[in-house]
Amino acid sequence: MDFVIDESVDAAITSALRNAGFEVWSVTEEEASITDDLVFQRAIEKNAILITADKDLGDIVFRRKLVNRGVIILGLAGLTSED
């Protein structure tokens with residue numbers, strides 16, 4: 001399983017996924033500050049699940065009914081990234 005990690009996601013989550021053996025492409029590391037549309041495009045190109053904490057990005061995907069492998073929207077209220 002492959003993931004594209006949006007800039008809104010803490011680096012600890014990226015590291016944890018990599019340490020667990022997943023392929024991870026990080027917007028922060030590869031193409032910082034790209035638009036939401038490009039973030040989503042990278043996920044499509046890589047046939048990866050998009051992980052974001054940006055609710056606007058999730059709304060774009062669902063409102064436009066864009067075809068994708070999957071989107072995980074993190075809501076970690078009251079939790080640390082390590083949790």
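This is a short chat about the structure above, which is a predicted model.

Me: What should I know before I start?
Reply: Residues are numbered from 1 along each chain as its sequence is written, and side-chain values use heavy atoms, leaving out hydrogens and water. The model is predicted, so local features need pLDDT of at least 70 and side-chain atom pairs count only at pLDDT 80 or more, while totals for chains, interfaces and linings use all residues.

Me: How many helices and strands are there?
Reply: The protein has 4 helices and 4 strands. Both are DSSP runs, numbered from the N terminus: helices are H or I with at least four residues, strands are E with at least two.

Me: In what order do the elements run?
Reply: From the N terminus on, the order is β-α-β-α-α-β-α-β.

Me: OK, what share of the residues counts as buried?
Reply: 33% of the 83 residues. Buried means under 20% relative accessible area, exposed means over 50%, and partly exposed lies in between (1.4 Å probe, protein chains only).

Me: How many aromatic pairs are there?
Reply: The count is 1 aromatic pair. Rings of Phe, Tyr and Trp (its six-membered ring) pair if their centres lie within 6.5 Å; planes under 30 degrees apart are stacked, over 60 edge-to-face, the rest tilted.

Me: Which residues form the pair?
Reply: Phe3 and Phe22. The pair is edge-to-face, with 5.3 Å centre to centre and 80 degrees between the planes.

Me: Where do the two sit?
Reply: Phe3 lies in strand β1 (residues 2-5) and Phe22 in the loop between α1 (11-19) and β2 (23-26), so the pair ties together parts that are 19 residues apart in sequence.

Me: Is Phe3 buried or exposed?
Reply: Phe3 is buried, at 6% relative accessible area. Phe22 is partly exposed, at 30%.

Me: New topic. How many residues make up the largest nonpolar core?
Reply: 11 residues, including Val4, Trp25, Phe40 and Leu57. A nonpolar core is a set of buried Ala, Val, Leu, Ile, Met, Phe, Trp, Tyr and Cys residues joined through side-chain atoms within 4.5 Å.

Me: Which element gives the most to this core?
Reply: α3, with 3 residues. There is also a second, separate core of 8 residues, which includes Phe3, Val9, Leu17 and Ile51.

Me: What does Leu57 touch?
Reply: Leaving out residues up to four places away in sequence, Leu57 touches Asp6, Asp36, Val39, Leu50 and Thr52. Contact means heavy atoms within 4.5 Å.

Me: Last one. Where is Ser26?
Reply: Ser26 is in strand β2. Ser26 is buried, at 5% relative accessible area. Beyond its neighbours within four places in sequence, Ser26 contacts Ile5, Thr14, Arg18 and Glu31.
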